[in-house]
Amino acid sequence: MAVEFIDIVETSLAGIGTGSLMALTGVAFVIIYKATKVINLAIGEMLMIGAFVFYGFSAGLALPIWASVPLTLVVAALIGGLIERTMIRPLLKDNPVSVFMVTIGLTSVLIGVVELVWSAEPRRLPEFLPSQPVLLGDAFIPSKTAYSFVIAAAAMAVLITVFAFWRGGIALRATATDRAAASSVGIDVPGVFSFSWMLAAVVAALAGILVGSVGGISSAMGLFGLSVFVVVIVGGLDSILGALIAGLFIGWLEAMVGRFMGGEFKLLATFTILLVVLVVRPYGLFGTHEIERL
Amino acid sequence: MTRLTRRAFHQLGLGAALVSTASGRAFAQAPEIVIGAANPMSGVFAFAGVEGFEGGRDHFEFVNRAGGVAGRRIRYVNEDSGYRVDNAVAIFTRITSQHQTPVFFGDSTGFQKAINPELNRRGTTVMGGASFASEIDNAQAFPNQWIPGPNYSDQMRVLLRYIAAQKKGASVVLVHSDTEFGRDPIAAAEAEAKRLELNVVEKIVTQPGSVDVSGDVLKIRRRNPDYVIFHGYVLQPIPEFMAQARQAGMTSRFMGTFYSTDTVLMNRAGAAADGYMGVSCYNFDATARGVQVEAIRAANVGKTRTHAYYQGWTNAMLAIEVLRRTLAANEELTAVNMMKHARALKNYDTGGIFGVPVSMVNNSFPHGRVYQYSAADKMLKPASDWITITAGA
Amino acid sequence: MRVGTAKQSYAADEGLFKTDTQKVWFGLLLAALVLFPLNGSSYWMFLAVLVMINVISTTGLNILTGYTGQVSLGHAAFMAVGAYTVAFFDGRFGTPVLLNLVLAGAVAAGIGYLVGLPSLRIKGLYLAIATLAAAVILGFIFLNWTPVTGGLRGLNVPTATIAGIELATPDRLYWLVMPITVVMVLAAKNLFRTRVGRAFIAIRDRDISAEIIGISLFKYKLMSFAISSFYAGVAGGLWAYLFRVVTPESFPALASIFFLAAVIVGGAGTIVGGIFGAVFMTLIPEFLKLSATALVPWFPDASIYLAPVRNIIFGLLIIGFLIFEPMGLAEMWRRTRRYFALWPFRT
């Protein structure tokens, strides 16, 4: 079977579209890791609960989209803050393994909550993206892929600006670099912890709305988080840039593997890359190499 | 909130559901016959599990009202398996250790395979179930189980024969999930397509839990096949596939097997599911005649019942028929005796549940018909005649 | 009242049972295990066998995570390796049951050794994610190495037969599983009276310090992986004899988290904690089911909420124990014992 050039282009574009959503979710993960040094295994489930809250507003209460999206983001921020205050804060002084396991427990709680409120059946979000497909030259891009890519890119541009210029963003970066120093120059470090979880929950919810609008929502959609781990490990746990590049790369790779080898090889390919990166360069492509001292 | 609310649960109780509390006085003396079940009342398959449970429950009510089997009441004991094999095995062990249980309904291929050696060892219980796995349709390996319809391979054959009748040499794409359920009929479908001189141009495997279909839509778009057949999904992601494919200007027709042909889930998907074709062995025709379909309509006035309900009903009906024949022959309720009568079901009139008289071949009933979903009327409409799959035909 | 236990030698201080009271209690426990089948319910026997299989597997994970400090998210995959090994050897060659179980442990240990290799370079949570990757790759192998694993259909497992007796029911299987569980748990307890066990603990407490005092991190971490996987493999093999079918979907990723939860809830780093955790986590769904049944007269819909509530409680148990009782049920048990040991005086 001859592989056509246009086929490769189209597959690549679709993959980059998915990759942008992975990158966005990866950024949410990195925000939490930078500020609180917590590896959040529940990132996929935070994305899921965002998507379901949006479903509740837009389909359940039948609110218009322009109202549902901000409401969803507000609720997500509250959930993020609640998680941080009740489950993460009490353990931050303990070893990182405990907090990590708390996020495993959180996974199960969030899935339970969603199934309790909405049941385990798969659902579709109301259509809100334009349905006209996009043509880039001869290459065909499904409309949802194209528009979610644009929205994800815009969201990331906003985030990067926030980190670069806004006081809160700078406080977050300062806390990430050195907690004690940040605290001594008057930064409210616990406040930054809460803020980082709220911000991450908002970003994850936005990603959840986009992922859900492309493929529908279900209580199992947290599996998306598996690919996101690969993204953040490959990119480096504390690097926003790393999450962006690795997100696009993993998305592209999954699409190419799915197209030319078959869907059953997708996870195998990404996790093999994960293992290789872990062994060769454990701190990722762009992550900070931590030196352990006694 | 969901449609699982639920007259069902008022009677269900968590575990032990006593079906049919009414109409009991006539047979206070004769011992009850206990029929056990592990249905997935929660989890991803709850939509089918609840319907399947209610189908069985309604049928046993119908039978008890008419006097039971040989004067003996049926008691239906169901527990929630949550679609997990270890739960289902635990439920089977519990129910069979508390009651003599000549018939038990299983909830999944995994469970029905896991419990099979135990069934054969006990020799006192036969099993019908929710699985249509081709593997279970084997009278040597699974001597004590039946499938209440055609197996997944035969469902594929029905679809492919329909396609072959519509268009000679049509091109077909198979889309299936990477699970045991999803892979089940793929080899058989390819062989059948080859025999019918259809052209399988692509096979697409999707990862379980995968949410993004756009890459796969692209793959199909390049082929623009006449037909796309899905297998191994619970509806999702089929409507999304169809919507994106339409946007991409494709003209393919979309088809699927039993569990992705669920009226209620399709109603929820709405316009996106319009035109979808699914295979079923049950008669959804609102004007169908027969004792059983009329009883179903009487029990469900103003309600849409899905595939899984008919399946639960059919399993119950087959169980009752087998019990009746065994008791009428004055034989003990052993697995050997019951299965002897089950396998003797030839040209059996299902009271309108199947559109044609059915015969048990191996462990299944290889009949089916293609339906098309109409979003405007919110129902499945017959698109083909009844097709019976016979070996080598 | 017991005032204290005076030890006169190091051997006594390191003893498996430190006091006569412990010996008596252990004797009572053994007697209870032997007498348990008298309850006569095959359902309880089934649960008991399942609980004991989970005890073995949890003890294995406890050795790795609780004692050596290496978090594994792939424990269930090693159980699957054991289950497949038993299915393969018993189904293909009809080898004796005990040999199959040893093989199951050995093959799982070998693969565990391989999976542990990255621990040379990476540690902590990175290692946890590497074990997750290993589990995904093992899952792929189970699904696609059809000649050995039976592919998606999996393998059927013959009935366990020892000395001509078919162990077809849980009632009979109990007599195979129970002694193995007792032996393996005692062996784990003993492990931590040896040099190897102490090395594990040293690595958990501070790996760099351990290395400086002459413990080869690489050697002992790999040994811990191998031993832990051996336990998982044996548990998986027994699981195969209980359910008698193994498919790629028998051991989902969630099962690994179940064992991790059992270790946390029971008490990481204590043998008795692993036992408590496994018993507690296996029985809690049964308890929830009973309470939901009891609630039905008041809340007819109770049963439909059972599955989500089970998930929530499962998660909250993990979180709650980590926050409020990080040493788990074992610590509660220790406090209770202490209270009664000194009764009527207070500490």
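**Close-up views of a predicted model**

**View 1. Two helices of chain A side by side.** In H5(A), the residues A:Lys144, A:Thr145, A:Ser148, A:Ile151, A:Ala152 and A:Ala155 meet A:Val203, A:Leu206, A:Leu210, A:Ser213 and A:Val214 of H8(A); contact here means C-beta atoms, placed from the backbone, within 7 Å. Seven of the residues in this contact are nonpolar, three polar and one charged (Ala, Val, Leu, Ile, Met, Phe, Trp, Tyr, Cys and Pro count as nonpolar, Asp, Glu, Lys and Arg as charged, the others, Gly among them, as polar). The axes of H5 (residues 143-165) and H8 (residues 189-215) of chain A come within 10 Å and cross at roughly 170°, with axes fitted to C-alpha atoms over the stretch in contact and angles running from 0 to 180 degrees between N-to-C directions. H5(A) and H8(A) are therefore roughly antiparallel (over 145 degrees).

A note on the model: it is predicted, so local features need pLDDT of at least 70 and side-chain atom pairs pLDDT 80 or more, while totals for chains, interfaces and linings use all residues. Residues are numbered from 1 along each chain as its sequence is written, and chains are lettered from A and ligands numbered from 1 in the order in which they are written.

**View 2. Where chain C touches chain A.** Chain C brings 31 residues to this contact and chain A brings 34. On the side of chain C, helices H6 (124-144), H12 (253-266) and H14 (306-324) each supply at least two residues (helices are DSSP runs of H or I, at least four residues, numbered from the N terminus). H14(C) gives the most, with 12 residues. This side of chain C divides into 27 nonpolar, three polar and one charged.

Definitions and conventions: Parallel < 35°, antiparallel > 145°, perpendicular 65-115°, else oblique.
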